[in-house]
Amino acid sequence: GGMRQAGFLAAAGLYALKNNVERLTIDHQHALQIDAILAKCSWVKNTYPVQTNIIVIELVESDKRDLVLQQLKENHVLASAFGPGKVRFVFHLDVTAEQVAELATILPKISV
C-alpha cells in the first residue's frame, strides 16, 4: 500500500523540525537519566544504548514482560512491549521533568 496522506504526515514533521528541535535535547537527557536507573534494576538484563529519546530494555525473565507493563500502568506509566522480553520507553514533549523524577522512584519498586 501507498501513503495516501503523506502530506499530512510531512506537515507534522516540518512543524516539529521548525518548533521542537531544542526539545529533543531535553527528551534525550530524560532518557539518559532513566536509563541509568534501569541499569540498576534487578529485573533488567540489558539496556540498549540510548541514542535518542527512546529506551529499550531486555528483561531478566522474558516471560514477565506483561507483568512489568501492568505494574508500570498501575503507576500511571505507559510503556510498550517491544518484542519477547523487551520493553520500550519513549520520552517526548508531553513528558515533564516532574514525571521523569517520579518514574525514577517508581522503577526500583517494580517487582517480578
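1. Ala 39 is exposed, with a relative accessible area of 53%, where exposed means over 50% relative accessible area, buried under 20%, and partly exposed in between, with a 1.4 Å probe and protein chains only. Ala 39 sits in the loop between H2 and S1, helices (H or I, at least four residues) and strands (E, at least two) being DSSP runs numbered from the N terminus. From C-alpha to C-alpha, Ala 39 and Ile 57 are 8.9 Å apart in space, while 18 residues separate them in sequence.

2. On the basis of the note: this is a predicted model, in which local features need pLDDT of at least 70 and side-chain atom pairs count only at pLDDT 80 or more, whereas totals for chains, interfaces and linings use all residues. Residues are numbered from 1 along each chain as its sequence is written, and side-chain values use heavy atoms, with hydrogens and water left out.

3. The chain has four helices and four strands, which follow the pattern α-α-β-β-α-β-β-α when read along the sequence. The C-alpha trace spans about 45 × 35 × 25 Å along its principal axes, and 29% of the 112 residues count as buried. The chain exposes about 7,500 Å², of which carbon and sulfur atoms supply 56%; accessible areas come from the Shrake-Rupley method with a 1.4 Å probe, and for residues only the protein chains shown count as cover. Among contacts between residues at least 6 apart in sequence, 52% join residues at least 24 apart, a contact being heavy atoms within 4.5 Å.

4. The four strands form an open sheet in the order S1-S2-S4-S3, with antiparallel pairing; two strands pair if DSSP finds at least two bridges between them. Strand S1 (44-47) and strand S3 (80-81) are the edge strands, each pairing on one side only. S3 and strand S4 (residues 86-90) are joined in the antiparallel sense over two bridges, and Ser 80 stands opposite Arg 88 in S4.

5. Helix H2 (residues 21-38) packs on the sheet, where H2 touches S1, strand S2 (54-59) and S4, and its direction makes about 15° with that of S2. Helix H3 (residues 65-74) also packs on the sheet, touching S2, S3 and S4, and the direction of H3 makes about 30° with that of S4. For these angles, axes are lines fitted to C-alpha atoms, for helices over the stretch in contact, and the angles run from 0 to 180 degrees between N-to-C directions.

6. At the other end of the sheet order, S1 and S2 pair in the antiparallel sense over three bridges, with Asn 46 opposite Glu 58 in S2.

7. H2 has 18 residues and reaches 26 Å from its first C-alpha to its last, close to the 26 Å expected at 1.5 Å a residue, the expected span being 1.5 Å times one less than the number of residues. The buried residues in H2 are Arg 23, Asp 27, His 30, Ala 31, Ile 34, Asp 35 and Leu 38. Seen down the axis of H2, these buried residues fall within an arc of 140°, so they line one face of the helix; the arc is that of the directions from the helix axis to the C-beta atoms. They pack against S1, S2, S4 and helix H4 (97-106), whereas the face of H2 turned away from its buried side carries the exposed residues Glu 22 and Thr 25.

8. In H3, the buried residues are Val 68, Leu 69, Gln 71 and Leu 72. Viewed down the axis of H3, they fall within an arc of 160°, so they line one face of the helix. The buried residues of H3 pack against S2, S3 and S4, while Lys 73 and Glu 74 are exposed on the face turned away from the buried side. H3 is followed by His 76, whose phi is positive, near 65°.

9. Pro 84 lies in the loop between S3 and S4 and, at 73% relative accessibility, counts as exposed. Leaving aside residues up to four places away in sequence, Pro 84 touches Ser 62 and Arg 65. The C-alpha atoms of Pro 84 and Ile 26 are separated by 29 Å, and the two residues lie 58 residues apart along the chain.
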